[in-house]
Amino acid sequence: MTSRTVTLLDVARAAGVSKSTVSDALQGSGRVAAATRDRVRTVAEELGYRPNSAARRLRRSSTGAIGLHLPRTATRLDYYMNLAFGAVERAQEEGFDVMLLAPTGVAGGGGSSDSAGPTSPAGATSPTSPAGAASPANGPIASRVDGLLVIDPEVDDSAVPGLLDASVPVVTGERYLGPTAAPTGAVICDNAASLTALLDHVTERGARHPAVLAPAGTSAWATALRATATSWARERGVAVALRTVPFAATPGEAEETTLALLRTDPSVDAVICAPDGAAPGVLRAAATLGRPVGPDAPPAAAPHARTATDALPRTPLLIASCVDGTATRSAEPPVTAVDLRPAAYGRACAELLCDILAGRTTPDTVRRHAWALETRAST
């Protein structure tokens, strides 16, 4: 069957079932026994069957696309680009294109002042709509997509309420904390547990006065990290120096905050930096102040104090990050970090939306996404 396109009828004959059973089994609809569904899918894969996505869209009045809304800072962060590629890959496996939504195209005249959305991953489109476009609930967006992915929704993002109120299924990556319609489904991480693991790790490695550079903003991730730093300190009886930095803080902003922190409170012996890609700035601050990095690093010899910086203690400093990536892995020394597995997270979000659209799972489904702590020389 390699010389022509494999059809549903071919699969039905090979599997010994009806054509309608094959259709239901492959789409996850109808009342098909699990064993039959598995046999049909195995046969389809062996024959090289590929669904006719155009015909399938016509049958179900589908647009063949899903929308993807990312935070306004997404273009600066590797995390969101990796997440987007994962979502695109999983959506394409189901025959969907991904439409990357422009900030002003969904906000009803509000939201970001950017005039275009982020650069599209392979296989995605990136439409641009003028400011003041209708909200997705009654405007063009809902008519152009079968469903929406809204990643790290922020309470102060004026686009999000309209997206959640659109007349299509919506899956959020992380919970939405604002007072509006609940999403159809969500994929969440235990962000409190990930920061707790980092704080426990640095104290186990000898830190007695850790600091957390927590992200500003109203997303569930940012909110959880700030609250966890405070609750962990209270429960453990350990003083935690909490500083707030921009959600997408640059290495320069992290460096400036760390310099001010260590000059003001030189007893800080561990710094956990939340924003993606900002940890190298903490390393630069440590170098500027003569603080060796790592639990086994010998204290640096203090020069004769000519300046206030010279007079600061030069005890070792532990450094970790709440988000793993190229910046943490390639740093010198490599930085301990939480691997949030963004590509897999994007796949998980797209998979849940596809499952809801195909009727393979029910609305209000919440799935959890696992993270991993990667310990490296910096701690």
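This is a predicted model: local features need pLDDT of at least 70, side-chain atom pairs count only at pLDDT 80 or more; totals for chains, interfaces and linings use all residues.
Start by selecting Y80: this residue is buried, with a relative accessible area of 3% (buried means under 20% relative accessible area, with a 1.4 Å probe and protein chains only).

Residues are numbered from 1 along each chain as its sequence is written, and side-chain values use heavy atoms, without hydrogens and water.

Show the rings next. The whole structure holds two aromatic pairs (ring centres of Phe, Tyr or the six-membered ring of Trp within 6.5 Å; planes under 30 degrees apart are stacked, over 60 edge-to-face, the rest tilted). Y79 and Y80 make an edge-to-face pair, 5.0 Å centre to centre with 85° between the planes. Jump to W221 and F247: their centres are 5.5 Å apart and their planes at 80°, so this pair is edge-to-face. W221 sits in helix 9 and F247 in the loop between strand 8 and helix 10, 26 residues apart (helices are DSSP runs of H or I with at least four residues, strands runs of E with at least two, numbered from the N terminus). Both W221 and F247 are buried.

Finally, colour the open sheet of six strands, ordered 8-7-9-10-11-13 with mixed pairing (strands pair if DSSP finds at least two bridges between them). Strands 8 and 13 stand at the edges with a single partner strand each, so one side of each lacks a neighbour in the sheet. Zoom in on strands 7 and 9, which run parallel and are joined by four bridges; P210 has A270 as its bridge partner in strand 9.

How values were computed: Buried means under 20% relative accessible area, exposed over 50%, partly exposed in between (1.4 Å probe, protein chains only).
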